[in-house]
Amino acid sequence: MNKSELIQAIADETELHKNDVAVFLDGFVEVVKQELKDGNDITLVGFGTFTVADKPERQGRNPKTGELLTIAAHKTPKFKPGKALKDAVN
């Protein structure tokens, strides 16, 4: 499912106009990005939790040449599904 299909599905489910759903979805994504950038977690009870994980610097290898290289420390977003979401999928 891509973004436009998601917008259509939400519009069908909620009987909202597609433009309203698109504005909401864009706003939701921006708020999640900003909160994670600021180091905050977002918990949606029954759905899941968005967090940021710190990845330490580590050694890697260029698969083409075999040369060792250093992979810089960085942050990466994570999502942990909630129990209700896991139960719905299973």
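Me: In this predicted model, a salt bridge is a side-chain nitrogen of Lys or Arg within 4 Å of a carboxyl oxygen of Asp or Glu. What is the N to O distance for Lys3 and Asp26?

Reply: Side chains of opposite charge can pair when their charged atoms come close. The side chains of Lys3 and Asp26 meet in such a salt bridge. Their N to O distance is 2.4 Å.

Me: How many residues apart in sequence are the parts that Lys3 and Asp26 tie together?

Reply: Lys3 lies in helix α1, residues 3-14. Asp26 lies in helix α2, residues 18-37. The pair therefore ties together parts whose separation in sequence is 23 residues.

Me: Is Lys83 buried or exposed?

Reply: Lys83 meets Asp87 in a salt bridge at 2.8 Å, N to O. The two are 4 residues apart in helix α3. Exposed means over 50% relative accessible area. Lys83 has 61% relative accessibility, so Lys83 counts as exposed.

Me: What accessible area do Leu44, Phe47 and Phe79 have together?

Reply: Leu44 lies in strand β1, residues 42-44. Its relative accessibility is 32%, so Leu44 counts as partly exposed. With Phe47 and Phe79, Leu44 forms a nonpolar patch on the surface. Together their accessible area is about 240 Å².

Methods. Residues are numbered from 1 along each chain as its sequence is written. This is a predicted model: local features need pLDDT of at least 70, side-chain atom pairs count only at pLDDT 80 or more; totals for chains, interfaces and linings use all residues. Side-chain values use heavy atoms; hydrogens and water are left out. Patches are made of residues with over 30% relative accessible area and no salt bridge: like charges are joined within 9 Å, nonpolar side chains (Val, Leu, Ile, Met, Phe, Trp, Tyr) within 5 Å. Accessible areas come from the Shrake-Rupley method with a 1.4 Å probe; for residues, only the protein chains shown count as cover. Buried means under 20% relative accessible area, exposed over 50%, partly exposed in between (1.4 Å probe, protein chains only).
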